[in-house]
Amino acid sequence: MSIQIGGIAPDFTQESTEGTIKFHEWIGDKWAILFSHPKDFTPVCTTELGAAARMKGDFEKRNCKIVAVSVDDVKSHQGWIGDIEDTQHVKMNFPILGDADRKVSGLYGMIHPQANDTLTVRSVFFIDPKKKVRAMITYPASTGRNFPEILRVLDSLQLTDSHQVATPVNWKDGDDCVIVPSLSDADAKPKFPKGWKALRPYLRMTPQPNK
Ligand code: BEZ
(Lines give C-alpha, C1' and ligand atoms only; values in the text may rest on other atoms or scores of the structure.)
Protein backbone atom coordinates (compact mmCIF):
# COMPACT_ATOMS: atom_id res chain seq x y z
CA MET A 1 0.00 0.00 0.00
CA SER A 2 1.67 3.22 -1.08
CA ILE A 3 1.84 6.19 1.24
CA GLN A 4 -0.61 8.94 0.42
CA ILE A 5 -1.24 12.43 1.67
CA GLY A 6 -3.80 12.27 4.47
CA GLY A 7 -2.87 8.72 5.53
CA ILE A 8 -1.25 7.85 8.86
CA ALA A 9 2.55 7.70 8.62
CA PRO A 10 3.67 4.10 9.22
CA ASP A 11 4.95 3.59 12.76
CA PHE A 12 8.17 1.66 13.42
CA THR A 13 10.82 0.97 16.01
CA GLN A 14 14.37 1.32 14.72
CA GLU A 15 17.85 2.01 16.07
CA SER A 16 19.33 5.43 15.45
CA THR A 17 22.46 7.41 16.22
CA GLU A 18 20.56 8.78 19.23
CA GLY A 19 19.24 5.43 20.50
CA THR A 20 16.11 3.42 19.77
CA ILE A 21 13.32 5.42 18.14
CA LYS A 22 9.68 4.41 18.41
CA PHE A 23 8.58 6.72 15.66
CA HIS A 24 5.10 7.89 16.70
CA GLU A 25 6.16 8.17 20.33
CA TRP A 26 9.29 10.10 19.25
CA ILE A 27 7.17 12.55 17.24
CA GLY A 28 4.96 13.17 20.27
CA ASP A 29 2.91 16.34 19.82
CA LYS A 30 5.25 17.89 17.25
CA TRP A 31 5.55 17.93 13.49
CA ALA A 32 8.22 15.70 11.98
CA ILE A 33 10.24 15.57 8.79
CA LEU A 34 11.58 12.14 7.81
CA PHE A 35 14.08 12.24 4.96
CA SER A 36 16.05 9.48 3.29
CA HIS A 37 19.62 9.23 2.06
CA PRO A 38 20.64 6.68 -0.55
CA LYS A 39 23.70 5.46 1.36
CA ASP A 40 26.35 6.48 3.89
CA PHE A 41 29.59 8.13 2.78
CA THR A 42 28.03 9.63 -0.34
CA PRO A 43 28.82 13.20 -1.32
CA VAL A 44 25.40 14.80 -1.86
CA CYS A 45 23.99 13.29 1.35
CA THR A 46 26.96 14.60 3.29
CA THR A 47 26.15 18.16 2.20
CA GLU A 48 22.42 17.69 2.88
CA LEU A 49 22.95 16.43 6.42
CA GLY A 50 25.27 19.34 7.13
CA ALA A 51 22.67 21.81 5.86
CA ALA A 52 19.90 20.14 7.88
CA ALA A 53 22.00 20.31 11.07
CA ARG A 54 22.62 24.02 10.51
CA MET A 55 18.87 24.57 10.05
CA LYS A 56 17.71 22.52 13.03
CA GLY A 57 16.80 25.69 14.92
CA ASP A 58 14.56 26.79 12.04
CA PHE A 59 12.66 23.52 12.30
CA GLU A 60 12.43 23.80 16.09
CA LYS A 61 10.91 27.28 15.76
CA ARG A 62 8.18 25.59 13.75
CA ASN A 63 7.66 22.91 16.42
CA CYS A 64 9.15 20.31 14.07
CA LYS A 65 11.62 17.48 14.67
CA ILE A 66 13.85 16.11 11.93
CA VAL A 67 15.14 12.59 11.42
CA ALA A 68 17.15 11.11 8.57
CA VAL A 69 17.37 7.49 7.41
CA SER A 70 20.08 5.77 5.41
CA VAL A 71 20.25 2.09 4.48
CA ASP A 72 23.44 1.39 6.45
CA ASP A 73 23.72 0.51 10.13
CA VAL A 74 24.20 2.89 13.06
CA LYS A 75 27.88 1.99 13.43
CA SER A 76 28.47 3.08 9.85
CA HIS A 77 26.44 6.28 10.45
CA GLN A 78 28.66 7.07 13.43
CA GLY A 79 31.76 6.96 11.24
CA TRP A 80 30.04 9.06 8.60
CA ILE A 81 28.99 11.69 11.15
CA GLY A 82 32.71 12.38 11.74
CA ASP A 83 33.08 13.20 8.05
CA ILE A 84 29.91 15.31 7.99
CA GLU A 85 31.11 17.35 10.95
CA ASP A 86 34.62 17.78 9.51
CA THR A 87 33.62 18.70 5.98
CA GLN A 88 30.42 20.68 6.66
CA HIS A 89 31.75 22.45 9.78
CA VAL A 90 28.69 21.64 11.85
CA LYS A 91 27.86 19.47 14.87
CA MET A 92 25.32 16.77 14.02
CA ASN A 93 22.30 17.42 16.20
CA PHE A 94 19.50 15.09 15.10
CA PRO A 95 19.19 11.31 14.70
CA ILE A 96 19.98 9.20 11.67
CA LEU A 97 18.08 5.91 11.63
CA GLY A 98 20.03 2.74 10.90
CA ASP A 99 18.17 0.81 8.23
CA ALA A 100 20.38 -2.06 7.16
CA ASP A 101 17.28 -4.29 7.29
CA ARG A 102 15.39 -1.79 5.04
CA LYS A 103 12.50 -1.70 7.51
CA VAL A 104 11.87 2.04 7.25
CA SER A 105 12.83 2.30 3.58
CA GLY A 106 10.36 -0.49 2.81
CA LEU A 107 7.52 0.91 4.89
CA TYR A 108 7.86 4.33 3.26
CA GLY A 109 8.46 3.07 -0.29
CA MET A 110 11.85 4.77 -0.45
CA ILE A 111 13.46 2.17 -2.70
CA HIS A 112 12.37 2.60 -6.30
CA PRO A 113 13.75 -0.53 -8.02
CA GLN A 114 13.60 1.01 -11.47
CA ALA A 115 15.98 3.70 -10.24
CA ASN A 116 18.14 1.43 -8.05
CA ASP A 117 17.55 -1.95 -6.36
CA THR A 118 19.26 -1.18 -3.08
CA LEU A 119 19.72 2.57 -2.61
CA THR A 120 16.84 4.79 -1.56
CA VAL A 121 15.68 7.78 -3.55
CA ARG A 122 15.69 11.14 -1.76
CA SER A 123 12.29 11.22 -0.07
CA VAL A 124 10.92 13.81 2.32
CA PHE A 125 7.81 13.10 4.39
CA PHE A 126 6.05 15.90 6.27
CA ILE A 127 4.14 14.43 9.22
CA ASP A 128 1.81 16.40 11.48
CA PRO A 129 1.25 15.99 15.23
CA LYS A 130 -1.69 13.64 14.49
CA LYS A 131 0.85 11.47 12.60
CA LYS A 132 -0.79 12.18 9.26
CA VAL A 133 1.38 12.45 6.17
CA ARG A 134 0.78 15.99 4.93
CA ALA A 135 3.22 16.27 2.02
CA MET A 136 5.91 14.27 0.26
CA ILE A 137 8.78 15.22 -2.00
CA THR A 138 10.84 12.73 -4.04
CA TYR A 139 14.11 13.41 -5.85
CA PRO A 140 16.57 11.05 -7.52
CA ALA A 141 19.82 10.24 -5.74
CA SER A 142 21.74 12.58 -8.04
CA THR A 143 19.78 15.71 -7.05
CA GLY A 144 20.35 17.24 -3.64
CA ARG A 145 17.28 18.71 -1.96
CA ASN A 146 16.60 22.36 -1.25
CA PHE A 147 16.14 22.66 2.52
CA PRO A 148 14.69 26.20 2.39
CA GLU A 149 11.95 24.65 0.21
CA ILE A 150 11.29 22.07 2.93
CA LEU A 151 10.84 24.89 5.45
CA ARG A 152 8.63 26.77 2.99
CA VAL A 153 6.32 23.76 2.59
CA LEU A 154 6.16 23.39 6.38
CA ASP A 155 5.22 27.08 6.70
CA SER A 156 2.47 26.62 4.13
CA LEU A 157 1.08 23.52 5.85
CA GLN A 158 1.02 25.21 9.25
CA LEU A 159 -0.50 28.44 7.92
CA THR A 160 -3.20 26.73 5.89
CA ASP A 161 -4.11 24.58 8.91
CA SER A 162 -4.88 27.64 10.97
CA HIS A 163 -6.40 30.01 8.39
CA GLN A 164 -8.73 29.49 5.44
CA VAL A 165 -6.09 30.33 2.87
CA ALA A 166 -3.93 28.55 0.34
CA THR A 167 -0.45 29.63 -0.72
CA PRO A 168 0.07 30.61 -4.37
CA VAL A 169 2.98 30.03 -6.70
CA ASN A 170 6.40 30.72 -5.19
CA TRP A 171 4.81 31.90 -1.96
CA LYS A 172 7.06 32.36 1.02
CA ASP A 173 6.28 33.32 4.57
CA GLY A 174 4.94 36.89 4.63
CA ASP A 175 3.68 37.00 1.03
CA ASP A 176 0.04 37.44 0.04
CA CYS A 177 -2.15 34.33 0.11
CA VAL A 178 -5.35 33.29 -1.64
CA ILE A 179 -8.63 32.87 0.21
CA VAL A 180 -9.92 29.30 -0.24
CA PRO A 181 -12.61 29.17 -2.91
CA SER A 182 -15.05 27.32 -0.61
CA LEU A 183 -15.40 30.43 1.57
CA SER A 184 -18.06 32.90 0.37
CA ASP A 185 -17.35 36.63 0.35
CA ALA A 186 -19.85 37.06 3.19
CA ASP A 187 -18.10 34.43 5.32
CA ALA A 188 -14.65 35.75 4.38
CA LYS A 189 -15.42 39.30 5.54
CA PRO A 190 -15.04 38.76 9.31
CA LYS A 191 -12.12 36.36 8.85
CA PHE A 192 -10.04 38.70 6.69
CA PRO A 193 -10.34 42.16 8.25
CA LYS A 194 -7.47 43.44 6.09
CA GLY A 195 -9.67 42.73 3.05
CA TRP A 196 -8.72 41.20 -0.26
CA LYS A 197 -8.33 41.98 -3.92
CA ALA A 198 -10.61 39.88 -6.12
CA LEU A 199 -8.82 39.36 -9.44
CA ARG A 200 -11.59 36.90 -10.29
CA PRO A 201 -14.39 35.72 -7.98
CA TYR A 202 -12.31 32.56 -7.32
CA LEU A 203 -8.96 34.37 -7.07
CA ARG A 204 -8.95 36.59 -3.99
CA MET A 205 -5.54 37.79 -2.83
CA THR A 206 -5.19 38.74 0.82
CA PRO A 207 -2.28 39.72 3.08
CA GLN A 208 -1.00 36.74 5.06
CA PRO A 209 -3.49 36.64 7.93
CA ASN A 210 -1.11 35.82 10.79
CA LYS A 211 1.31 38.68 10.03
C1 BEZ B 1 25.18 11.10 -3.08
O2 BEZ B 1 24.55 11.16 -2.06
O3 BEZ B 1 26.10 11.83 -3.29
C4 BEZ B 1 24.80 10.13 -4.13
C5 BEZ B 1 24.27 8.91 -3.79
C6 BEZ B 1 23.94 8.01 -4.79
C7 BEZ B 1 24.14 8.35 -6.11
C8 BEZ B 1 24.66 9.60 -6.45
C9 BEZ B 1 24.99 10.49 -5.45
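## Helices, loops and cysteines of a predicted model

Helix α6 holds the buried residues Phe 147, Ile 150, Leu 151, Val 153, Leu 154, Asp 155, Ser 156, Leu 157 and Leu 159. The model described here is a predicted one.

Helix α6 covers residues 147-162, which is 16 residues. From its first C-alpha to its last it reaches 23 Å, close to the 22 Å expected at 1.5 Å a residue.

Ser 156 is located in helix α6. Its relative accessibility is 14%; the limit for a buried residue is under 20%, so Ser 156 counts as buried. Which residues does Ser 156 contact, leaving aside its neighbours within four places in sequence? Ser 156 is then in contact with Thr 167 and Trp 171.

**The protein as a whole**

The secondary structure of the protein comes to 7 helices and 11 strands. Taken along the principal axes, the C-alpha atoms fill a box of roughly 60 × 40 × 35 Å. The protein has 211 residues, and buried residues make up 45% of them. Of the contacts between residues at least 6 apart in sequence, 65% join residues at least 24 apart.

**Helix α4 and its packing**

Helix α4 has 15 residues. The distance from its first C-alpha to its last is 20 Å, close to the 21 Å expected at 1.5 Å a residue. Its buried residues are Val 74, Ser 76, His 77, Trp 80, Ile 81, Ile 84 and Gln 88. These buried residues pack against strand β3 (31-37), helix α2, strand β4 and strand β5. Just after α4, His 89 takes a positive phi of about 55°.

On the α2 side, the contact is made by Cys 45, Thr 46, Thr 47, Leu 49, Gly 50 and Arg 54. On the α4 side, Trp 80, Ile 84, Thr 87 and Gln 88 take part. By type, the residues of this contact divide into 4 nonpolar, 5 polar and 1 charged. Trp 80, Ile 84 and Gln 88 of this contact are also among the buried residues of α4.

**Cysteines**

How many disulfides does a search of the whole structure find? The search finds 0. A disulfide requires two cysteine sulfur atoms within 2.5 Å. The cysteine sulfur closest to that of Cys 45 belongs to Cys 64, and because the two are 20 Å apart they are too far for a bond. For the sulfur of Cys 177, the closest cysteine sulfur is again in Cys 64, at 20 Å, which is too far for a bond. Cys 45, which belongs to the contact of α2 with α4, has 0% relative accessibility and counts as buried. Cys 177 has 0% relative accessibility as well and counts as buried.

**Loop residues with positive phi**

| Residue | Phi | Loop | Relative accessible area |
|---|---|---|---|
| Asn 63 | about 60° | between α3 (56-61) and β4 (64-70) | 34% |
| Arg 102 | about 60° | between β5 (96-98) and α5 (103-107) | 28% |

Asn 63 is partly exposed, and Arg 102 is partly exposed too.

**Lys 22 in strand β2**

Strand β2 consists of residues 21-22 and includes Lys 22. Is Lys 22 buried or partly exposed? With 45% relative accessibility, Lys 22 counts as partly exposed. Not counting residues up to four places away in sequence, Lys 22 touches Asp 11, Phe 12 and Thr 13. Of these, Asp 11 lies 11 residues from Lys 22 in sequence. From C-alpha to C-alpha, Lys 22 and Asp 11 are 7.4 Å apart in space.

Note on methods: Residues are numbered from 1 along each chain as its sequence is written. This is a predicted model: local features need pLDDT of at least 70, side-chain atom pairs count only at pLDDT 80 or more; totals for chains, interfaces and linings use all residues. Side-chain values use heavy atoms; hydrogens and water are left out. Buried means under 20% relative accessible area, exposed over 50%, partly exposed in between (1.4 Å probe, protein chains only). Helices (H or I, at least four residues) and strands (E, at least two) are DSSP runs, numbered from the N terminus. The expected span of a helix is 1.5 Å times one less than its number of residues. Contact means heavy atoms within 4.5 Å. Ala, Val, Leu, Ile, Met, Phe, Trp, Tyr, Cys and Pro count as nonpolar, Asp, Glu, Lys and Arg as charged, and the others, Gly among them, as polar.
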